[in-house]
Amino acid sequence: MKQLDNNTAEVLIVGAGPTGLMMACQLAIHQVPFRIIDKNDSPSKSSGALIVQARSLEIFEQMGIAGEALKGGIIANKVNVIFNGKKITSTAIKDIGGNLSRFPFLLMLEQSNTEKLLLKFISDRGHSVERGILFKSFMQDKEVVTSVVILPDGSEQSIKTKYIIAADGANSTIRNFLNIPFKGKTYPKPIFILDCKAKTDLFPGEICFAFSNSSVTGFFPLQGSRWRIDSTLPKEIEKLETITFDHIAKDFHLWTKMNVTFQGYEWFSVAHAHQKYAGSIRALNCFLIGDAAHVNTPVGAQGMNTGLQDAFNLAWKLAFVIKHKAKPELLDTYATERLGISKGFARYADIVFKLVTSKNVVVKFFRLYVLKVLLKALFLLVEKRRIFSRMFFKSISQIDIHYRNSILSYGGTTDGNFLRDAPRPGDRFPYVEFFYKESKTDNYKILDSVCFNLVVLANVLPDEIKITGEKYNLEVALIKYLPETKKLYEQLGITNTDYYLVRPDMYSAMRTATLNTHHLNNYL
């Protein structure tokens with residue numbers, strides 16, 4: 001078997017969807033040699049995984065591409081609910097997560113545009129996706145992974161790396177090759193997904209969910225006066241062996257009771273939704289990320305965003321181990337932190353998805369009559385009570401995900417006291433805007449994504465902290481207590497002096513309410 005000439009990569013990434021590309025971007029940031037292959041000849045051309053959540057945008061911001069993402073997408077202004085052609089309630093969501101994130105909204109960014117952003121990022125750093133390459137098999141031991149791939153001309157070649165990343169989707173060849181169970185459910189009722197131009201009464205920039213006797217339909221605004229439409233199907237169409245766009249377009253306005261006229265389409269797909277999880281997401285030096293590890297229903301737009309977080313969690317750990325900054329045991333924490341991370345939300349998503357797709361008479365009655373009342377009450381709570389809007393945003397945006405039970409979250413006794421709501425080890429380091437040196441800034445701007453950060457909140461930086469920072473190559477930031485930094489101190493639950501050790505992925509690793517370095521040195 002012929003050996004590839006360019007065979008010096010440390011990591012092979014299989015799959016160049018958003019998750020695989022994010023892994024490539026993060027490895028490029030850490031200057032870890034990698035290769036990324038994909039069986040498709042070109043990137044996605046559809047809206048695909050459409051909604052980018054706040055946590056993902058925070059990563060984009062750290063990469064310097066959030067601005068481009070915002071330019072390429074649409075921030076949703078409102079969510080409207082319609083029953084049999086009549087709007088019954090709506091709520092503003094443009095700033096639903098105010099003060100919780102720099103991105104307190106839902107961004108409609110077509111998957112094709114997300115992939116373009118990530119592709120440009122790796123291209124600017126001298127990397128590219130090798131396309132038209134099929135992954136066949138691999139063998140591994142503690143030191144080397146030998147992968148066999150099939151090139152476009154049909155010939156086989158091998159690639160030797162230290163690690164392999166399975167980002168090859170729900171039907172993962174690598175997961176199947178490893179015989180890892182992929183348990184869960186496939187929902188019996190199909191849905192269709194459509195990117196199109198349409199003449200409609202709907203307002204641009206607003207999401208709409210329309211309930212009728214025959215279907216439940218979601219309308220999502222795209223740039224260029226276009227729409228993404230996800231919908232269940234009426235019985236007469238659902239039973240057809242092959243469903244085409246023409247079947248949908250013919251009577252869509254009748255069975256949805258919506259004033260919508262299609263003006264051609266760009267992408268049309270009919271599929272069954274899934275809710276599935278891999279039994280394990282690591283096999284020695286092979287790691288599963290994204291849809292290879294978990295597949296979610298469309299409810300809550302969690303799928304792609306969870307995959308992006310997988311890559312963000314794993315990449316820095318790989319980099320630390322490859323560069324001998326940490327022991328190989330660090331990689332164990334990927335599985336303990338990310339395995340089943342979205343199962344909590346999935347229970348809610350399962351209930352919602354069954355509710356909107358079931359043709360059961362009782363469920364249908366509930367959907368058309370009881371749900372109308374419940375949604376009115378819920379939207380009113382979200383609109384009027386800040387606590388409910390914050391709870392909703394934290395859940396859907398993924399900023400509430402934590403790793404408190406991880407061995408990387410220092411749970412030992414720390415000196416001093418914190419206020420009750422202070423972020424704990426394992427929590428995402430909170431986003432706080434404040435003024436410093438007469439300029440508006442935020443605490444994320446002081447974090448370095450390639451190393452651990454020591455955020456010291458005190459008026460003087462002790463020598464012992466300086467020495468520890470230099471010894472372990474920490475990025476040390478001193479923020480003095482001033483009137484303009486008071487908000488930051490309060491948000492971090494500090495009554496006097498303190499420091500937080502923050503991981504490269506913006507999660508708190510440990511904290512102490514004194515400037516003693518005993519626990520810090522133990523941790524490091």
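Helix α12 is followed by Q398, whose phi is positive, near 75°. Helices here are DSSP runs of H or I with at least four residues, strands are runs of E with at least two, and both are numbered from the N terminus. The model is a predicted one: local features need pLDDT of at least 70, side-chain atom pairs count only at pLDDT 80 or more, and totals for chains, interfaces and linings use all residues. Residues are numbered from 1 along each chain as its sequence is written, and side-chain values use heavy atoms, with hydrogens and water left out.

Helix α12 itself spans residues 386–397. Its twelve residues reach 16 Å from the first C-alpha to the last, close to the 16 Å expected at 1.5 Å a residue. The expected span is 1.5 Å times one less than the number of residues. In α12, S389, F393, I396 and S397 are buried. These four residues cover an arc of only 90° around the axis, which puts them on the same side of α12. The arc is taken from the directions between the helix axis and the C-beta atoms. The face turned away from the buried side of α12 carries the exposed residues I387 and M391. Buried means under 20% relative accessible area, exposed means over 50%, and partly exposed lies in between (1.4 Å probe, protein chains only).

Helix α7 (residues 245–256) also ends before a residue with positive phi: K257 follows it, with a value near 60°. Helix α7 has twelve residues and reaches 15 Å from its first C-alpha to its last, close to the expected 16 Å. Its buried residues are F245, I248, F252, W255 and T256. They cover an arc of only 105° around the axis, which puts them on the same side of α7. D246, K250 and L254 are exposed on the face turned away from that buried side. The buried residues of α7 pack against several elements. These are β14 (182–200), β16 (216–222), β17 (226–232), α6 (235–238) and β18 (260–278). Contact means heavy atoms within 4.5 Å.

Helix α4 (residues 111–123) is mostly covered. Ten of its 13 residues are buried. They are Q111, S112, N113, T114, E115, L117, L118, L119, F121 and I122. What covers them includes α1, β4 (51–52), α2, α3 (66–72) and β9 (129–131). From first C-alpha to last, α4 reaches 18 Å, close to the 18 Å expected.

Two of the elements that cover α4, namely α1 and α2, also pack against each other. Helix α1 (residues 18–29) and helix α2 (residues 54–63) meet at an angle of about 35°, with their axes 12 Å apart. Axes are lines fitted to C-alpha atoms, for helices over the stretch in contact, and angles run from 0 to 180 degrees between N-to-C directions. The crossing of α1 and α2 is left-handed. A crossing has this hand if the near helix is turned anticlockwise from the far one by less than a right angle, and is right-handed if clockwise. M22, C25, Q26 and I29 of α1 make the contact with I59, F60 and M63 of α2. Six of these residues are nonpolar, one is polar and none is charged. Nonpolar covers Ala, Val, Leu, Ile, Met, Phe, Trp, Tyr, Cys and Pro; charged covers Asp, Glu, Lys and Arg; the others, Gly among them, count as polar.

Several loop residues complete the picture. Most residues other than glycine have a negative phi. N179 is not a glycine, yet its phi is positive, about 55°. N179 sits in the loop between α5 (173–177) and β14. It is exposed, with a relative accessible area of 67%. M506 also has a positive phi, about 70°, although it is not a glycine. Its loop lies between β26 (498–502) and β27 (508–512). M506 counts as buried, at 1% relative accessibility.

E10 lies in the loop between β1 (2–3) and β2 (11–14). At 19% relative accessibility, E10 counts as buried. Leaving aside its neighbours within four places in sequence, E10 is in contact with V32, P33, T161, K162, Y163 and I322. N360 is found in the loop between α10 (343–357) and α11 (361–384). At 41% relative accessibility, N360 counts as partly exposed.
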